[in-house]
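Subject: Handing over the structure

Dear colleague,

I am passing this structure on to you, and below it you will find an account of what was found in it. Please read the account with the structure open beside you.

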Amino acid sequence: MSHSPARRAARRARTVVVTALAAATALTITACAGPSVGATAGSDDATAEAVDWSQVEPAKEITWWSNHPGESKVVEEKFIDEFKAETGISVNLVTAGADYDEVAQRFQAASQTDELPDLVIASDVWWFRYHLNDQIMPLDDVMEFLDADAADFQPALYSDYEYDDQHWAVPYARSTPLFYYNKDLWAGAGLPDRGPETWAELEEWDASLKKEVPEKGSTFGLSTGPSWGAWWFENMIWGQGGAYSDGFELTLDAPEAIAGGQFVHDLFHESGVATLSADDAMADFSSGLIASTIGSTGSLKGALDAAKFDVGTAYLPDGPQGGGTPTGGTGLAIPSSKTPEEQLAAAMFLEFLTNTENTAAFSQNTGYMPVRTSAVESDTMTKTYEQTPQFRTAVDQLADKARKQDDVRVFVPGADALLNEALEQIVIEGTDPKTAFESVTPRIETAYTENVEPYLGAQD
Amino acid sequence: MTTTATPRAPEDSGAGPARSAIPGRTRPQRLHRSRLGASRRRKALLWALLLAGPNVVLLLVFVYRPLLQSLYLSTLQWNLGSPTARFVGLGNYIEWFSAPTTGRIVTTTIVFTVATVGGAMVLGLGLALLLNSRLRGRGVARTVAFAPYVLGGFAVGILWLFMFDPRYGLIQEVLGWVGLASPQWYTGRPWPLVMVIVVYLWKNLGYVALIYLAGLQAVPQDLRDAAALDGASSARTLRSVVLPLLTPTTFFLLVTMLLSSLQSFDIIKAMTQGGPLGSTTTLMYSIYEESFVNGRAGYASAVATILFLVLLAVTAVQMRFVQRKVHYA
């Protein structure tokens, strides 16, 4: 019976189905694209082969992922048109997110696909992660081939992207935090037309300013959040002589770091000088609700346009141990997986975007710092500084006060968000700084051991 | 409701018309019928493959493949975007169960789910009863009630964020009229969680009400009439006639709402980004945060697998126990 033709036919049919299903399942499983397991991490393929750029014909079309920092979409489109007229190369501008983090997340998600752009925004807390993952190429060679005069970039800004003696991005929309103040309220309070030199001075001024601000307002307001809170807080922790880290060694348990946490705690919960802005402190400032705030250089144009009062800008105040300002904002990087033709076209556009004239035009339209020394002294910027002296503050502050950011915040994936979490514990809930720092320390250490240390080892 | 399968002989497990199992039947006839049957079966099978094939392929590629891939990734320590990873076995799962944040995330998820599902069911039923009554402008009211459901979650979140603003928002203004101060919706626990729950409820209420409305209109009028004849009050009719007959609807809504609530992401992302201090970080949101913010794709996959198992368990429990209580008219 079991050998009947009908049975054989049925069995054959079943076999066909089972085989088809098995094949489909196998296909499903093997199609699981993903990382190779156990391979040497950070093998630095990107640097393995030097390309002879003189033999490469640039691609005719490239894609650029941007979040248009400082509401710069129109300016970016103008650059793209001019670049096309000059070189014939088309650039597709893609709004790849609302902020640096969103662009970065999209870039990470696309990293296993062929949907990557030819040029991408790479912010202070993201470019190193791209580099660790071999996602971006070193730019020194190709910039030299294009005579891009890298020496003319502001040294403090260009050196931010240096690792292993190579530069992995070039500065584009670069900023520092600035102290913004409402000149009208300042005048009403009888204060000199300048920012406070120290945080102690702001506390002294608080009594007279409080009388001037509207109901529910305050002398000073701040907002927190990823890619933001842990940035401006560097000024305060440095002002007390502390830091997040020394190299990759966390120093959050040092008395000076805890003093930094205590300072911000007291600013909100003891002296009451500061209030937490519900969403965006810059919006509260522009509406006149708070008399002063810390905002990015990139918010300057927006603040000047939105505020109905005179906006003043000043250096960040010092603490008892000095202070300084972190640099931040974003650079531009070129993915390592693109063809040399696409990379060359992207590098040409990069060179065009950051040439003296365009970097000045970008700064003029957004408030971001001119990233080239030559641009600072250009006619465009001289005129801008004459008309709107607020633009000058960031450039001067960069020269006088810039300090390299602490490694852990910018180099350890996720550390920025965790440091912000500790800061929020202090600011929102009034948690004792020591406890707040202790709560995030093990997670930052895990992030380092998992996502940085193994890769560094492989690269040494 | 359920069918019981009669056990078949193992050799009879193939599809197709039933064959005689009585031995000794005339061979030629059986052979003939079998041949015919076999060819028909082959045809039927080919047709089945042809018709179901595209669906099966889509399911495999877009449902089972990611599922398997996620399972595989959950055994790795992988920095999202990196070309390399390290095998850690069950390490990510062990870490999740021992992480200090897990308790908070699970509690937040439970509070969010119970409040949104429970709230939507109760309020949705109330709204449906209201919309089912003979009111003027009922058609407009139904449209207005359903409209939020078709709006994008992200846009809804941003709009409500303006309304909740403790300094300028509409809500603080309204509270001001009755002499109440606005809670710190963005920063003071537990208000951020309350805020996202309210918005989620507002967005999904119309959907629940619409489905309940359909259920209400399917309640046979003669049963209502019979209840009325027996002298039942409208409250008694609701309790003893309408609600029991609505149990299939309630069951359906419970399953779908639970699943969608446990997977909700857009409103949280738009309004609070899981914060402040993780107070609105649900299991679903933590998956996003671990993978895309912290780059820990392996760990995030382990959390995703845990969420998958939770959803599976919740659905299985509902199918097994809750469905028993369902009455069909």
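**Chain A at a glance**

The secondary structure of chain A comes to 22 helices and 17 strands. Please keep in mind throughout that this is a predicted model. Of the 460 residues in chain A, 53% are buried, and among the contacts in this chain that join residues at least 6 apart in sequence, 76% are between residues at least 24 apart.

**Two domains and the side where they touch**

The domain assignment divides chain A into domain 1, which covers 55–175 + 329–388, and domain 2, which covers 177–326 + 404–459. The C-alpha centres of domain 1 of chain A and domain 2 of chain A are 28 Å apart, and the contact between them involves 22 residues of domain 1 and 19 residues of domain 2. On the side of domain 1 of chain A that touches domain 2 of chain A, at least two residues each are supplied by helix 4 (100–109), helix 5 (127–132), strand 7 (170–175) and helix 15 (356–366) of chain A. Helix 5 of chain A gives the largest share of that side, with 3 residues. Sorted by class, the side of domain 1 of chain A that touches domain 2 of chain A is made of 8 nonpolar, 8 polar and 6 charged residues.

**An open sheet and the helices on it**

Chain A has an open sheet of 5 strands, arranged in the order 3-2-4-16-7, and the pairing in it is mixed. Strand 3 (90–95) and strand 7 of chain A are at the edges and have a single partner strand each, so one side of each is left without a neighbour in the sheet. From one strand to the next, the twist averages 25°.

Within this order, strand 4 (residues 119–123) and strand 16 (residues 328–333) of chain A pair in the antiparallel sense over 4 bridges, and Val120(A) stands opposite Ala333(A) in strand 16 of chain A. Helix 4 of chain A packs on the sheet, where it touches strand 2 (61–66), strand 4 and strand 16 of chain A, and its direction makes about 125° with that of strand 4 of chain A. Helix 14 (residues 340–353) of chain A lies across strand 2, strand 3, strand 4, strand 7 and strand 16 of chain A, and runs at about 55° to strand 2 of chain A.

**A pair of crossing helices**

Another part of chain A to look at is the packing of helix 11 (residues 255–269) against helix 21 (residues 433–451), whose axes are 8 Å apart and meet at an angle of about 120°; the crossing of helix 11 and helix 21 of chain A is right-handed. Helix 11 of chain A contributes Ala257(A), Ile258(A), Gly261(A), Gln262(A) and His265(A) to the contact, while helix 21 of chain A contributes Pro433(A), Lys434(A), Ala436(A) and Phe437(A). By class, the residues of this contact of helix 11 of chain A with helix 21 of chain A divide into 5 nonpolar, 3 polar and 1 charged.

**Backbone details in chain A**

Two loop residues of chain A deserve a look. Glu71(A), in the loop between strand 2 and helix 3 (73–87) of chain A, has phi near 50°, a positive value in a residue other than glycine. With 14 C-beta neighbours inside 10 Å, Glu71(A) counts as partly exposed. Asp147(A) is in the loop between helix 6 (140–145) and helix 7 (155–158) of chain A, and its phi is near 55°, again a positive value in a residue other than glycine. Asp147(A) has 8 other C-beta atoms within 10 Å and is exposed.

**Loops of chain B**

In chain B, the peptide bond from Arg189(B) to Pro190(B) is cis, with omega near 5°, and Pro190(B) has its place in the loop between helix 6 (170–177) and helix 7 (191–217) of chain B. The peptide bond from Gly275(B) to Pro276(B) is also cis, with omega near -5°, and Pro276(B) is in the loop between helix 11 (266–271) and helix 12 (283–293) of chain B.

Ala218(B) is in the loop between helix 7 and helix 8 (221–229) of chain B, and with 12 C-beta neighbours inside 10 Å this residue counts as exposed. Between Ala218(B) and Val242(B) there are 9.8 Å in space, C-alpha to C-alpha, and the two are 24 residues apart in sequence.

With kind regards

Note on methods:
Residues are numbered from 1 along each chain as its sequence is written. Chains are lettered from A and ligands numbered from 1 in the order in which they are written. This is a predicted model: local features need pLDDT of at least 70, side-chain atom pairs count only at pLDDT 80 or more; totals for chains, interfaces and linings use all residues. Domain bounds come from an automatic or database domain assignment. Two residues are in contact if their C-beta atoms, placed from the backbone, lie within 7 Å. Ala, Val, Leu, Ile, Met, Phe, Trp, Tyr, Cys and Pro count as nonpolar, Asp, Glu, Lys and Arg as charged, and the others, Gly among them, as polar. Two strands pair if DSSP finds at least two bridges between them. Axes are lines fitted to C-alpha atoms, for helices over the stretch in contact, and angles run from 0 to 180 degrees between N-to-C directions. A residue is buried if 20 or more other C-beta atoms lie within 10 Å of its own, exposed if 12 or fewer, and partly exposed in between; C-beta atoms are placed from the backbone. A crossing is left-handed if the near helix is turned anticlockwise from the far one by less than a right angle, and right-handed if clockwise.
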